[in-house]
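Open the model in your viewer and get ready to select residues by number. Each stop says what to pick and what is there.

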Amino acid sequence: MSTATTNNASSATAGARERPSAAAPKKVTQARVVLSEWTKLRSLRSTVFSMLAAVVFILGLAVLVPSVTVAHWPPHNAREAAGFDPTSRSLAGIFLAQLAVGVLGVLLITGEYATGMIRATLAAVPSRLPVLWAKAVVFAVVTLVVTVPSVLAAFLVGQSILRGKDLQAGLGDPGVLRAVLGAALYLTVVGLLGLGLGALLRNTAGAISALFGVLFVLPIIVRFLPTSWSDPIDKYLPSTVGEGVMQVHTDPSALGPWTGFGLFCGYAAVVLLLAAIRLRRRDA
C-alpha cells in the first residue's frame, strides 16, 4: 500500500472520529428548557393579545373609574365618602385583567395538548418536570415585566384625575406602594394558578371553568351560606387572601396582606405540584 493511500485512510478515520463529536446533541439543561419556553411564549399570538388586553383593562379603567368618581363627587352616601380609597379606584382594572392573564396561563399549556405539540416537547425533555418549571418561570417573569409598569402607570394616571377634587394619594402614603406592586404580584399568581390548572386538567375549557369557579363563583356560593359558616370560609378563599395585598385599608378580621398573599401563593403551588405529579405519572 502506498504512502498516499495510507495517509488518506488515516485522514478518513480521523474525520470519522471527529464528525460524531461535532454532531453530538447538546445536553438538556433547565436553562435551555427555559430558553425554549421563552421562544414558544413570545411566538404565540395569544400571548400578545392577552397581555395587550390586560394592559388595556388596567389603564382604561384607571381613566374611566376616577373620571366617573370626580364627575359625581361628593357621593350622597356619607359612609361611601368616609371609606373612599383613591388607590383602589386607580386599580379597578385589575379585576378584568386577571381574566386575560389567567386564560393565558391556561392556554400556555393546554394549547400544546390540543395540538399534540406536547409530545415533541416531552420527547425533547424526557424528565418532563423541567418543562413545567420553565413554563412557570418564563410566564411569571413576563407577567411581572408587563404588569409592574402598567399598574404604576395606572396609579399615576388615576391619581392625576382624582387630583381635580383633591382626592389623590401618593406612593409614599402608608400601604399605597404595597397595594400597587401587590396588584402586579396578584396578577402573576393568578396566571400561575391558571397554568397549574391547565397542566392538571389538560383541557382548555375545563381549566378556564375551574379558574373562574375558584376566583368568582366560589365566593358567591360562600356568601349564600349562614354567616357562622361564610365568614370563616371566606377569610381563606383564594380570591380573598390574594386581593388583600392590593388593599390599602385591610379588614382587621382578615389575614394580613402578606400572610394572605403567601397563602394565595401556596394555593397556586399546590396546584402546580399536583400538575407535576400527574405529568410524571401519566402519558402526554
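Select E37 and K135. E37 is buried, and K135 is buried too. Buried means under 20% relative accessible area, exposed means over 50%, and partly exposed lies in between (1.4 Å probe, protein chains only). The side chains of E37 and K135 meet in a salt bridge, 2.8 Å from N to O. The pair joins distant parts of the chain: E37 sits in helix α2 (residues 30-43) and K135 in helix α8 (residues 129-162), 98 residues apart. A salt bridge here is a side-chain nitrogen of Lys or Arg within 4 Å of a carboxyl oxygen of Asp or Glu. Helices (H or I, at least four residues) and strands (E, at least two) are DSSP runs, numbered from the N terminus.

A word on what you are viewing. This is a predicted model, in which local features need pLDDT of at least 70 and side-chain atom pairs count only at pLDDT 80 or more, while totals for chains, interfaces and linings use all residues. Residues are numbered from 1 along each chain as its sequence is written, and side-chain values use heavy atoms, with hydrogens and water left out.

E112 counts as buried because its relative accessible area is 6%.

The side chains of K40 and E112 meet in a salt bridge of 3.0 Å, N to O. This pair links helix α6 (residues 94-115), which holds E112, to helix α2, which holds K40, 72 residues apart. K40 is at 14% relative accessibility, so K40 counts as buried.

Show the four together. E37, K40, E112 and K135 are linked in a network of salt bridges. The structure holds four salt bridges.

Which residues does T121 contact, beyond its neighbours within four places in sequence? Select T121 in helix α7 (residues 117-124). The contacts are E37, K40, E112 and V131. Contact means heavy atoms within 4.5 Å. T121 is buried, at 10% relative accessible area.

Next, the nonpolar core. Such a core is a set of buried Ala, Val, Leu, Ile, Met, Phe, Trp, Tyr and Cys residues joined through side-chain atoms within 4.5 Å. The largest one has 62 residues, of which I94, V151 and Y186 touch the most other members. Helix α9 gives the most to this core, with 14 residues. Select V151. Leaving aside neighbours within four places in sequence, V151 contacts I58, L91, I94, V180, A183 and A184.

Select L156, L171, L177 and L181, which make a nonpolar patch of about 320 Å². Patch residues have over 30% relative accessible area and no salt bridge; like charges are joined within 9 Å, nonpolar side chains (Val, Leu, Ile, Met, Phe, Trp, Tyr) within 5 Å. L177 lies in helix α9 (residues 176-201). L177 is partly exposed, at 39% relative accessible area.

Finish with residues 1-22. Here pLDDT stays under 50, and the model has one contact beyond four places in sequence. pLDDT is the predictor's confidence in each residue, from 0 to 100. Where pLDDT is low, the predicted coordinates should not be read in detail. The protein chain averages a pLDDT of 88, and 90% of the residues score at least 70.

Methods: Accessible areas come from the Shrake-Rupley method with a 1.4 Å probe; for residues, only the protein chains shown count as cover.
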